[in-house]
Amino acid sequence: MNKITQLFNIKYPIVQGGMIWHSGWRLASAVSNNGGLGLIGSASMYPDILRENIRKCKAATDKPFGVNVALLYPNIEEIINIILEEGVKIVFTSAGNPKTYTETLKKEGIKVAHVVSSAKFAIKCQEAGVDAVVAEGFEAGGHNGRDETTTLCLIPNVRKHIDTPLIAAGGIGLGSQMRAAMTLGADGVQIGSRFAATVEASSHENFKNKIVELKEGDTQLTLKELAPVRLVKNKFFQDLEGLYETGRNVEALKETLGRARAKRGMFEGDLVEGELEIGQVSALIDEILPVEKVFENLIKEFNEAKLDLTL
């Protein structure tokens, strides 16, 4: 048992990222039932949908699970109240100040982790009293850090500055990568893209199939003027890039984004006009698998990598 398995009372130090349009109760419960920590992604859910997902997850697993909360999203107070009312025991926060709700949640006996992209903000998390820090490298899909620090560089730097249990994220989809992250100083890993391409993920089959087709270089970080995000280079991405040719017009970028593009792409399956968020590790994902098989592969690869670590 290590710090993460002890903290969350799970078998393996593997956390499933709370990804928008992917992380409903089916994925979260499947991950928890297989020994990891499943997270419901609240950022793509109206409050009543979140409550429904929490209740269905409780019915589908007797193992620990949590909710991922983006602090800058609308209805944040209502989301927090639902989490408290439904008795959720673990919350991962991101996209905001960890001080905002950590004390409130911890007073209710909730374990709190916060996602950061730098050692500077990891220190702030420790000062805020979080139970764990998720340090996410530039390779990750979805919203990302502005400094473009890779996981390979980020994890040992964060480890040097904090004593809080540390979870590595960004570019991790194989057991060997998990082993590497823990060798660098992480106590566990958070995996997103690999779980996006699973049977249980709530995203559209079109997008799942697209993930397994992606090659090296098929994603890119963009929109640093608003909130950096890694996207598949489809027509929608090219339309965004075209706006840069006429200058960095923030209002034009907002107008293009403000059409429920993420839902259209990842949940409804529009691979042309939709926003498709996924990490660089997608180039290593070549099939859609059930969560149980993903865990089997991760543990096998982790142990094989462990045996090979000799000079």
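**Close-up 1. Helices α3 and α4 are roughly parallel to each other (an angle under 35 degrees).** In this predicted model, local features need pLDDT of at least 70, side-chain atom pairs count only at pLDDT 80 or more, and totals for chains, interfaces and linings use all residues. Residues are numbered from 1 along each chain as its sequence is written, and side-chain values use heavy atoms, leaving out hydrogens and water. The axes of α3 (residues 47-60) and α4 (residues 76-85) come within 10 Å and cross at roughly 25°; axes are lines fitted to C-alpha atoms, for helices over the stretch in contact, with angles from 0 to 180 degrees between N-to-C directions. Helices are DSSP runs of H or I with at least four residues, strands are runs of E with at least two, and both are numbered from the N terminus.

**Close-up 2. Here are the residues where α3 meets α4.** On α3, look for P47, L50, R51 and I54; on α4, for E78, I79, I82 and E85. Contact means heavy atoms within 4.5 Å. Five of the contact residues are nonpolar, three are charged and none is polar, with Pro, Leu and Ile among the nonpolar types and Glu and Arg among the charged ones.

**Close-up 3. Eight strands form an open sheet with parallel pairing.** The order is β1-β9-β8-β6-β5-β4-β3-β2, and two strands pair if DSSP finds at least two bridges between them. At the edges sit β1 (14-16) and β2 (38-41), each pairing on one side only. From one strand to the next, the twist averages 25°.

**Close-up 4. Strand β2 runs parallel to β3 (residues 65-70).** Four bridges join the two strands, and I40 has V67 in β3 as its bridge partner. Helix α2 (residues 25-33) lies across β1, β2 and β3, at about 170° to β2.

Technical notes:
Parallel < 35°, antiparallel > 145°, perpendicular 65-115°, else oblique.
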